[in-house]
Amino acid sequence: MTNEQNIDFVLRSVEERDIRFVRLWFTDVLGNLKSFAISPEDLEEAFEEGIGFDGSAVDGFATLEESDMLAFPDASTFQVLPWRPSEAGVARIFCDIKTPHREPFMGDPRACALRAFRKADAAGYILNVSPELEFFYFKEDTTVKEGSAVPVPLDDAGYFDLTPEDSARDLRRDTVLELEQMSIPVEYSYHAMAPSQNSLSLRYSEAVTCADNIMTARLVVKQAAYAHDIFASFMPKPLSGVPGSALFLCQSLFDHDGNNLFWAQGEGSVHHLSELAQHYVAGLLAYAPEYTLVTNPTVNSYKRLVPNGEVPCYATWGSKNRSAFVRVPTYKPGKQLSRRVELRSPDPTCNPYLTIAVTLAAGMRGIEEGLELPPESNVTFDKLEGSGAQRLPRDLGEAVEAFEGSKLMREVLGDHIFEYLLAEKREEWSEYSQTVTDWELRHYYGGF
C-alpha cells in the first residue's frame, strides 16, 4: 500500500476499533524505547505536521538550545497493543524524528537504519534479517550472596528441555501469541541453554522492520513477564558460570525481483555462498572490531564474550563452528531462499537500528572493496590465538578505541550519533575501571 493508503487504513482502524490512545514510539541513541500518547483526534495532524516534543529530555538527542523535535508516525507500523483493554484501546506507531524544518534528525537511530537500507537499495540490494533473541526470566525476590543481590532463576532446565522444570512454557506461549497479534510472526520459541534462559526466533523481514520487531519483542517479553509477576532480563551475562544471552542476526541480500543473492552453486561458491556473499562476509569480518561497540555496548557485554567455546572472540567464519563470529547454517541444503549468514556476536542490549545499520554497511563495504573471504575456521577457540585471526575487543575500553578510529562508523552513524556514543561509552568504561576490583578482573578474564 502507498503511504496515503496506510494512513487511511490507520484512521479507519482507530475509529472502528475504539482506540482512545495512540502511543508514538521511538528510541534514544542507546536503544531505550521512548513513548508518549496522543488522542485519536490529533492523529491526522500528526501524519501531516508531526507532533512536537522536547528532544533535550531524550539521551543523545538534542541540547536545550536545540530541543524542539517533531515525531512523524510511520503509518505502516500501526498495531493495537494486545495487553491493553479492547474497549478504549491503545495502539502504537513507530515514528521518524525530524527537526522543525522537517529534515531527518541525525540523532534518530531509526533514520540511521533507513539511510543504510536505502543506500543498499539504491545499489540493488535489499537486506533481510531474522533475529534470534535470548533472555532470562527471574523471580521478583533475590537472595543475598557475598554482599550483593543475585537474581533467582525460575528453573534448572537446559537447551530444548521439555520437562516440568521448564516453568516458562506458559509465559513463552503468551509472549508468542501477543507478538503474533501484533503481526510479528515467531518462527520458534524454546528453553535455551542456561537455567531460566529462553529464546525467540522471529521470521525474516527487511532490515528496518526487523529492528522495529526487535524493539517490540523486547517490550512484549517484559510486559508478559510482568503480568506473571516475573521479570525478564536482556542483560548479556546476568549469572556467572552459565552461558550469556545473544541476539543472533541471520542476514541475506535479495535483489528487487526477490532472488537471494547469497545463493550460488558450482564453481566459485563456498558452502553455496555466492561471490557477493563471500565479499559481504569478508566485510563483516574485516570491520568487526570497529563496530563491536555498537553490537556489544555495555561493560557486561564482554563478560559474555570470553573464550569458552560457545561465543565468538575472533573474527572468524565457519559452517559448523558455533564459536565463529559468522556462521553459515546448512539447515536446508538446496533451498535457495534459505541461504544466509548468521552474525553471532551481538547481544540483546544493543540498539537494533544501529546494529543493523553498521553491519549492513560493513558487508556492503566488503562488496565495494572486493574483500576476499579468509579461509574457513574449524579449530577450537584455544587454537585461534597466534593463528593470525583478528581478535575482537576484550572489553568496553578496547571497543571504544577501535570505534574511535573508524572512518566507516562515523560515516554510517553520522557525527551526532558517533560522538555521543563515543563520549557516553568512554565515560562508562572510565567509571567502571575506577571501581572494578582485582577479584572481578581475575574472574572477568578467566571466564566469569
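This is a predicted model: local features need pLDDT of at least 70, side-chain atom pairs count only at pLDDT 80 or more; totals for chains, interfaces and linings use all residues.

**Entry 1: a serine in a loop**

Between which two helices does the loop with Ser377 lie? I looked it up: the loop runs between α9 (352-369) and α10 (396-404).

I then checked what Ser377 touches, skipping its neighbours within four places in sequence. The list reads Thr316, Trp317, Gly318, Asn321 and Leu384.

**Entry 2: the whole chain**

I stepped back for the overall numbers. The protein chain has 12 helices and 16 strands. Of its 448 residues, 56% are buried. I got about 19,900 Å² for the accessible surface of the chain, and carbon and sulfur atoms account for 49% of that.

I also looked at how far along the sequence the contacts reach. Taking contacts between residues at least 6 apart in sequence, 69% join residues at least 24 apart.

**Entry 3: a hole inside**

How many cavities of 30 Å³ or more are there? I found one. The largest cavity has a volume of about 30 Å³. I wrote down its lining: Pro131, Leu133, Leu200, Leu202, Ile214 and Ala217. Looking at where these come from, I see that β7 (126-145), β10 (197-202) and α5 (207-227) each supply at least two residues of the lining.

**Entry 4: a nonpolar patch**

On the surface I came across a nonpolar patch formed by Tyr159, Phe160 and Met193. Together they have about 320 Å² of accessible area. I followed up on Tyr159, which sits in the loop between β8 (148-153) and α4 (169-181). Tyr159 counts as partly exposed because its relative accessibility is 42%.

**Entry 5: salt bridges**

I counted the salt bridges next, and the structure holds 15. I picked a few to look at.

Arg173 and Asp174 meet through their side chains, at 3.3 Å from N to O. Arg173 is partly exposed at a relative accessible area of 47%, and Asp174 is partly exposed too, at 21%.

Glu404 and Arg426 make another salt bridge, at 2.9 Å from N to O. What does this pair tie together? Glu404 lies in helix α10 and Arg426 in helix α11 (residues 407-435), so the bridge links parts that are 22 residues apart in sequence. I checked the exposure of both: Glu404 is partly exposed at 42% relative accessible area, and Arg426 is partly exposed at 39%.

Which of the pair is buried, and which is partly exposed? Lys425 is buried, with a relative accessible area of 6%, whereas Glu428 is partly exposed at 24%.

Asp74, Asp96, Arg110 and Asp212 are the residues linked in it.

Methods
Residues are numbered from 1 along each chain as its sequence is written. Side-chain values use heavy atoms; hydrogens and water are left out. Patches are made of residues with over 30% relative accessible area and no salt bridge: like charges are joined within 9 Å, nonpolar side chains (Val, Leu, Ile, Met, Phe, Trp, Tyr) within 5 Å. Accessible areas come from the Shrake-Rupley method with a 1.4 Å probe; for residues, only the protein chains shown count as cover. A salt bridge is a side-chain nitrogen of Lys or Arg within 4 Å of a carboxyl oxygen of Asp or Glu. Helices (H or I, at least four residues) and strands (E, at least two) are DSSP runs, numbered from the N terminus. Buried means under 20% relative accessible area, exposed over 50%, partly exposed in between (1.4 Å probe, protein chains only). Contact means heavy atoms within 4.5 Å. On a 1 Å grid over the protein atoms alone, a cavity is a set of points where a 1.4 Å probe fits but cannot get out, and a pocket is an open set with protein on both sides within 12 Å along at least five of seven lines; lining residues have an atom within 4 Å of a point. Grid points are joined across faces, edges and corners, and a volume is the space filled by probe spheres set on the points.
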